[in-house]
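Subject: Structure handover

Hello,

Here is the structure I said I would pass on. My notes on it follow below.

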Amino acid sequence: MWAMIVKEFRQLRRDRRTLAMLIVLPVLLLVIFGYAARFDVARIPTIVVGPGAAQVAGHLQAPFQVVGIDPDAGRSLVESHLRDGTAVIGVVTGGGLVLVLMDGTQLFSVETAQAALAHMTQAAKASGSSAPSLSVQILFNPHLKTSWIMIPGLTGLILLFIGTLITSLGIVRERQAGTIEQLAVMPFRPWDVIFGKIVPYLLLASLDLMVIVAVGMLLFGVPFAGNVAVFALGALLFLLVTLGMGVLISTVSQNQGQSIQLAIMFVVPQILLSGLIFPISSMALGVRWIAYVLPLSYFIDISRGVMLKNMPIAALWQWLVILTGMAVVVLGLAVLRFRRDLAPSTRRGRVPAVLADSAAP
Amino acid sequence: MTVLAQARRLTIRFGALAAVDSVDLAVEGGEVVGLLGANGAGKTTLIRLLLGLLRPSGGEALLFGALPSMDTRRRVGYVSQTLGLYDDMTVEENWTFTSAAFGSGRPAMPASISASSDELVGTLPLGVQRRVAFAVAFSHGPELLVLDEPTSGVGPLSRARLWQDVRDSAEHGTGILVTTHNMEEAAQCDRLVVMVGGRVAADGTVAEVIASRTVVEVVCDDWRKAFAVLDGAGLVVQVQGEVLRVPGSTDQVAALLSGHDLGVRLAVVPANLEEAFVSIVSPPPRR
Amino acid sequence: MRWGLENASVKFGSRLALDRVSLAAEPSTIRVVVGGDGAGKSTLVRALVGLVRLCQGDALRPPKRQIGYVPASAGLYVDLTVKENLAFSGSAYGVVGSQLAERSAELLERIGLNDATERLGGQLSGGMQRKLAVAMALLHRPSLLVLDEPTTGVDPLSRAELWRLISATAAAGTAVVATTTYVEEAHRASKVTLLEQGRSIATGSPRDIVSAVPGALGVVRSKAQPGGLSWRWGTAWRIWAPSGELPEGAEPLQAGFEDAVIIAALVDQEKV
């Protein structure tokens, strides 16, 4: 039995990918749960409008962060800011009433704000000054339902799984079986093979997406307030990024086990750091930048924004451009590498042999 | 010589099918016995019965005169098709692991493989890997060795060296049972056992297995035409360069080839092992 | 049409896997490349069909549609049925419809799989898988058929049938190039190339190669290995004297093809 233990350790010592996982994963989880996993929000962007704006703004302290004051504007300005995501809370003053509008898609910000307001009212009463009467309205997700927030996020998760994990498995299976060699010799153009491999997963993912949205709407009552075309565009761009990632993973994996390992390392951080579960706004700055590198973060914003808030494309175009950029880079790289497997000898002559990854004799 | 492994009317049934059917077989110390057969002939099942991995439905399988047990396991060495070596460990580490597993102390590595003792097995050429696998299986001094296709995929010089190792151990009294698909390997064995459908169809030296089988050798001006004719008539034609070899009688072959103006010269020659095997193993031609 | 490799070299990083190899693939001819593992056989055929780039020399081959290639590994889809495998290969080469049906039936009959068309590739035995892979490469009647170790690990019955299929293909006009580690298979070819460490050390018909054996070959029936260049054969030793002078106690022996191959390898080793 001792011999077995020694042997297992020796083999593990040489298995770099598993070692990486053993070290990286705990560190990752530590960082995440230490710095990123917070449900309380430290700063809530707030705008204040109406004749009493300046005065009210003066009273607002942390966690409220006043990002705009406009005495001449009214409710409609607040609504458009909330819709755009530039503010989470809007205070409308005037007529003796203070109306607080909250963005219901930011669950934790809203809860933090509600607690803060209650605290402020208590403090005012305790010190004897008169507290203005507050009226609170929650927009976009009036009942603060978690399912309404999660399901649009789930759509992103599905696209991520199918695009990355399942696609890479499908391609690596071919490499493991040794049939990629034959594809290279048959009269296929590299594009035929690449698209032939990607298109089924693209269609499957799109189908899955529609099913989830439908179920979300029918079973959980999630609204689809926005523009279907914008949503579809965002989904397509995100899917291209994940498919590209899947192909890329397959070009550096020799077997399905390896591709699963890589896919996990790519997917797990996105689940935890993209705003799917823990709000990005409450992540410590040192960790928050990671969220901005992950494609899922952008798609979740798009997905939630379109479904719940009817976000216009004018507010989303930056995210769409970023996703497009990511898609171009990742897909481009993936296709370049895959082509090398499929058409290694397109030129003769004094060129050093470029060896396809799977071809070591 | 002592009988190391023996099968007596050995039978095993899986459902209605007898995978091994009343097989008699003996492996003595110092001899190399080759087990030859098509797929599904029962070779692997027979080996597993002899090693005690399966229990027979009828007859008996004896190892060192007794039923297979944990003790007998220590006296048997086995090299599978996939070598059973760990690619991600060095030769030395593999050696240590196996020695520890069999409790054979720390025997010294033989010269044939010690040169590569610090190399990862996965980086060695196949011929060397096979020699390592053999040495490792032999490291605990087994009296019986079972080798599964020991030289598959290896070049002629490496094959000769490997068989050197096998012969050396036979000379020390080890009994060796080899399963093979390869006529060259089979030709190296002292005795061959040919299996068909779970039964023994032939048992003897290479010469005895070939017996007095003959084939007709055809030399002519256009081997392709002759091939097309004979092949089309349903005969099992083997090509060697531009010479054809067909089972049957010269009259039969001459009759088929007449009228094609091929300048045919026929001769009756002894069959080779493969031709003998095919005629033992296959049913008579349908057409 | 003249196909093959002309002075071809292939480099993997700094390692020279193929060193100025020339090899001709002629119609109606079976050429077999013999060599041990690591000799460069796979690299050679992959250079021939265009899977690896040459760093020197030329590879001449017909267009993709006229090449049939059977790699050393499976070459078929284990999760598709026999029929589906053939359909896929056919459609890649433009063999569809009634043409596909006819040709498939012909080949399936030949390899004995006509009753098993609905069986999954993964359910077939190793020998049957290989036969199916060869059939897939023959659907479009290629003018060049390249096979990489087609019979390694294949049971003897399937091997015999495979060679009949290959011979029939050559008889019908195809140029066939196959690699093998089995010397007796090389004996079936009309042209043989011996490959050792990426170099072609002998080439020609089997008879040419045997008659080109220099020195003298002898048999020594002793237990101990005799000095000099010797190797085990059965219970005796074969010894080769490059000078032609056999040592004491060695009986002279006429070299067979296998002896010639081993001697060629020994000659090559001595040179290096």
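In which strand of chain B does B:Asp24 lie? B:Asp24 belongs to strand β2 of chain B. Please keep in mind throughout that this is a predicted model.

Apart from its neighbours within four places in sequence, B:Asp24 is in contact with B:Ala7, B:Arg8, B:Arg9 and B:Val200. B:Asp24 and B:Leu192 are separated by 168 residues in sequence, while their C-alpha atoms are 13 Å apart in space. With 13 other C-beta atoms within 10 Å, B:Asp24 is partly exposed; a residue would need 20 or more to be buried and 12 or fewer to be exposed.

Strand β2 of chain B, residues 17-28, also holds B:Ser22. B:Ser22 is not a glycine, yet its phi is positive, at about 55 degrees. Most residues other than glycine have a negative phi. B:Ser22 has 15 other C-beta atoms within 10 Å and is therefore partly exposed.

**A positive phi in chain C**

Another serine to look at is C:Ser28, which has a positive phi of about 60 degrees without being a glycine. Where is C:Ser28 placed in chain C? C:Ser28 sits in the loop between β2 (15-25) and β3 (30-34) of chain C. The count for C:Ser28 is 16 other C-beta atoms within 10 Å, so C:Ser28 is partly exposed.

**Chain A overall**

Chain A has 361 residues, of which 37% count as buried. Its secondary structure consists of 13 helices and 5 strands. The C-alpha trace of chain A spans about 85 × 55 × 45 Å along its principal axes. Among the contacts in chain A with a separation of 6 or more, 74% are between residues 24 or more positions apart.

The domain assignment divides chain A into domain 1 (2-36), domain 2 (44-139) and domain 3 (146-344). Between domain 1 of chain A and domain 3 of chain A, the C-alpha centres are 27 Å apart. These two domains touch through 7 residues from domain 1 of chain A and 11 residues from domain 3 of chain A. On the domain 1 side, that contact has 6 nonpolar residues, no polar residues and 1 charged residue.

**A helix pair in chain A**

Two packed helices are described by the angle between their axes and the distance between the axes. For helix α6 (residues 146-177) and helix α8 (residues 190-220) of chain A, the axes come within 10 Å and cross at roughly 160 degrees. An angle over 145 degrees counts as roughly antiparallel, and α6(A) and α8(A) are therefore roughly antiparallel to each other. The crossing of α6(A) with α8(A) is right-handed.

From α6(A), the residues that meet α8(A) include A:Ser147, A:Ile151, A:Leu154, A:Ile158, A:Ile162 and A:Ile166. On α8(A), the residues that meet α6(A) include A:Lys197, A:Tyr201, A:Leu204, A:Asp208, A:Ile212 and A:Phe220. By class, the contact of α6(A) with α8(A) is made up of 15 nonpolar, 6 polar and 2 charged residues.

For chain B the domain assignment gives domain 1 (3-210) and domain 2 (214-270). The C-alpha centres of domain 1 of chain B and domain 2 of chain B lie 39 Å apart.

Chain B puts 36 residues in contact with 37 residues of chain C. On the side of chain B that touches chain C, at least two residues each come from α5 (126-138), α6 (156-171), α7 (183-186), α9 (223-232), β11 (238-240) and α11 (273-281) of chain B. Which element gives the largest share of that side? That element is α6(B), with 8 residues. Sorted by class, the side of chain B that touches chain C has 16 nonpolar, 13 polar and 7 charged residues.

The axis of α6(B) comes within 9 Å of the axis of helix α8 (residues 257-271) of chain C, and the two cross at roughly 100 degrees. Angles of 65 to 115 degrees count as roughly perpendicular, so α6(B) and α8(C) are roughly perpendicular to each other. B:Pro156, B:Leu157 and B:Ala160 of α6(B) make this contact with C:Glu258, C:Val261, C:Ile262 and C:Ala265 of α8(C). Of the residues in the contact of α6(B) with α8(C), 6 are nonpolar, none is polar and 1 is charged.

Regards

Note on methods. Residues numbered from 1 in each chain as written. Chains lettered and ligands numbered in written order. Predicted model: local features only at pLDDT ≥ 70, side-chain atom pairs only at ≥ 80, totals over all residues. Domains from an automatic or database assignment. Nonpolar A, V, L, I, M, F, W, Y, C, P; charged D, E, K, R; others polar. Helix = DSSP H or I, 4+ residues; strand = E, 2+ residues; numbered from the N terminus. Axes fitted to C-alpha atoms, helices over the stretch in contact; angles between N-to-C directions. Parallel < 35°, antiparallel > 145°, perpendicular 65-115°, else oblique. Left-handed = near helix turned anticlockwise from the far one by under 90°.
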